[in-house]
Amino acid sequence: MDLSELEKDNTGRCRLSSPVPAVCREEPCVLGVDEAGRGPVLGPMVYAICYCPQSRLTDLEALKVADSKTLSENERDRLFLKMEEDRDFVGWALDVLSPNLISTSMLGRVKYNLNSLSHDTASGLIQYALDQGVNVTQVFVDTVGLAETYQERLQKRFPDITVTVKAKADALYPVVSAASICAKVARDQAVKSWQFVEKVQDLDADYGSGYPNDPKTKAWLRKHVEPVFGFPQLVRFSWRTAQAILEKEAEGVTWEDSAAEEQEGSRKITSYFQSEGPQARPPHRYFQERGLESATAL
């Protein structure tokens with residue numbers, strides 16, 4: 001799998017896809033959706049779709065695709081290469097979401113939780129297939145959150161397509177198993193070949209599994225936390241595991257305030273702008289530097 005586009009810039013998101021087989025534009029197709037890397041504290045989350053004509057589903061099943069979690073890395077690689085050989089009737093597309101994008105979404109001023117990010121990414125990939133001319137008539141999705149709610153949302157977005165959302169769909173529907181394999185192969189390769197933009201001393205790639213409960217992963221995080229700037233962008237800094245290490249290993253931050261009384265007890269924010277009376281004080285340097293004054297009349 002060619003991830004050169006991701007390696008050029010792994011700070012945001014990257015979409016990759018195979019050519020669309022001609023038969024997939026002509027015949028009714030089934031499409032599966034799955035992801036890899038939802039839980040790890042390291043590396044991207046990869047969403048994938050895989051599709052083929054309904055008339056060729058038995059050919060896809062004959063490849064013996066299965067839930068990627070039940071397969072070895074060598075088996076996943078072999079099956080992905082086999083799907084690549086069958087490009088005359090099998091197509092796929094990926095959306096690779098960087099750790100940086102995941103964390104900034106979850107910790108932004110307007111919260112964008114992982115479930116919403118997952119749902120929107122899956123919807124975007126289905127729409128991408130349609131925009132590419134794939135004649136999608138059925139969609140099968142491995143659920144994130146409540147299956148009924150997720151299915152209702154997708155069915156509303158794609159009213160002309162029959163949508164099925166189920167837990168363990170990657171073990172129930174071969175087309176979802178195929179998507180699962182695509183996602184896992186891409187994530188594994190992305191983590192192995194991760195291009196670090198940071199100049200970290202004695203950087204090593206022995207991350208372990210990348211999951212929060214892996215002692216090797218925790219040891220790598222402790223080794224590579226920078227006291228001021230935190231972690232390399234391979235790390236999802238919004239994960240509790242990363243936050244706990246930051247709190248323990250990194251330098252603390254003290255926020256300056258121009259008035260000592262502001263640090264004592266709880267006060268209403270309107271008191272900050274009082275200009276008369278016993279609590280009067282000189283304006284903060286933020287206002288002085290910008291030549292700002294309190295408005296006394298409108």
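A: In this predicted model, helix H6 passes helix H7 in a right-handed crossing. The axes of H6 and H7, the latter spanning residues 147-157, come within 11 Å and cross at roughly 35°. On the H6 side the contact is made by Ser118, His119, Asp120, Ala122, Ser123, Ile126 and Gln127, and on the H7 side by Tyr150, Arg153, Leu154 and Arg157.

One residue of this interface can be followed further. His119 has its place in H6, which covers residues 114-131, and His119 counts as buried because its relative accessibility is 12%, below the 20% limit that the term requires. When its neighbours within four places in sequence are left aside, His119 is in contact with Val144, Tyr150 and Arg153, and two residues of that set, Tyr150 and Arg153, also belong to the H7 side of the helix contact.

A second helix pair can be described in the same terms, since two packed helices are described by the angle between their axes and the distance between the axes. Helix H4, residues 73-85, and helix H9 have axes that come within 9 Å and cross at roughly 115°, and here H4 passes H9 in a left-handed crossing. From H4, the residues Glu73, Arg76, Asp77, Leu79, Phe80 and Met83 meet Ala178, Ile181, Cys182, Lys184, Val185, Asp188 and Lys192 of H9.

Leaving aside its neighbours within four places in sequence, Met83 is in contact with Cys50, Leu63, Val90, Ala178, Ile181 and Cys182. In the largest nonpolar core, which holds 82 residues, Met83 is one of the residues that touch the most other members, together with Leu31, Val33 and Val139. The largest share of this core, eleven residues, is supplied by H9. In soluble globular proteins, nonpolar side chains tend to be buried together. Lys82, which also lies in H4, is described as partly exposed because its relative accessible area is 33%. The C-alpha atoms of Lys82 and Leu63 are separated by 7.6 Å, although the two residues are 19 apart along the chain.

Beyond H9, the chain carries an aromatic arrangement of its own. Tyr207 and Trp220 form an edge-to-face pair, with 5.3 Å from centre to centre and 85° between the planes. Tyr207 sits in the loop between H9 (174-192) and helix H10 (215-223), whereas Trp220 sits in H10, so the pair, 13 residues apart, links distant parts of the chain by the account of. A search of the whole structure finds four aromatic pairs.

The charged end of Arg56 sits over the ring of Phe89, 4.1 Å from its centre, while Arg236 lies over the face of Trp239, at 4.9 Å from the ring centre.

For the protein as a whole, the secondary structure comes to twelve helices and six strands, and buried residues make up 43% of the 298 residues. Of the contacts with a separation of 6 or more, 70% are between residues 24 or more positions apart.

Terms used
Residues are numbered from 1 along each chain as its sequence is written. This is a predicted model: local features need pLDDT of at least 70, side-chain atom pairs count only at pLDDT 80 or more; totals for chains, interfaces and linings use all residues. Side-chain values use heavy atoms; hydrogens and water are left out. Rings of Phe, Tyr and Trp (its six-membered ring) pair if their centres lie within 6.5 Å; planes under 30 degrees apart count as stacked, over 60 as edge-to-face and the rest as tilted. Helices (H or I, at least four residues) and strands (E, at least two) are DSSP runs, numbered from the N terminus. A charge sits over a ring if NZ of Lys or CZ of Arg is within 6 Å of the ring centre and within 35 degrees of the ring normal. Buried means under 20% relative accessible area, exposed over 50%, partly exposed in between (1.4 Å probe, protein chains only). Contact means heavy atoms within 4.5 Å. A nonpolar core is a set of buried Ala, Val, Leu, Ile, Met, Phe, Trp, Tyr and Cys residues joined through side-chain atoms within 4.5 Å. Axes are lines fitted to C-alpha atoms, for helices over the stretch in contact, and angles run from 0 to 180 degrees between N-to-C directions. A crossing is left-handed if the near helix is turned anticlockwise from the far one by less than a right angle, and right-handed if clockwise.
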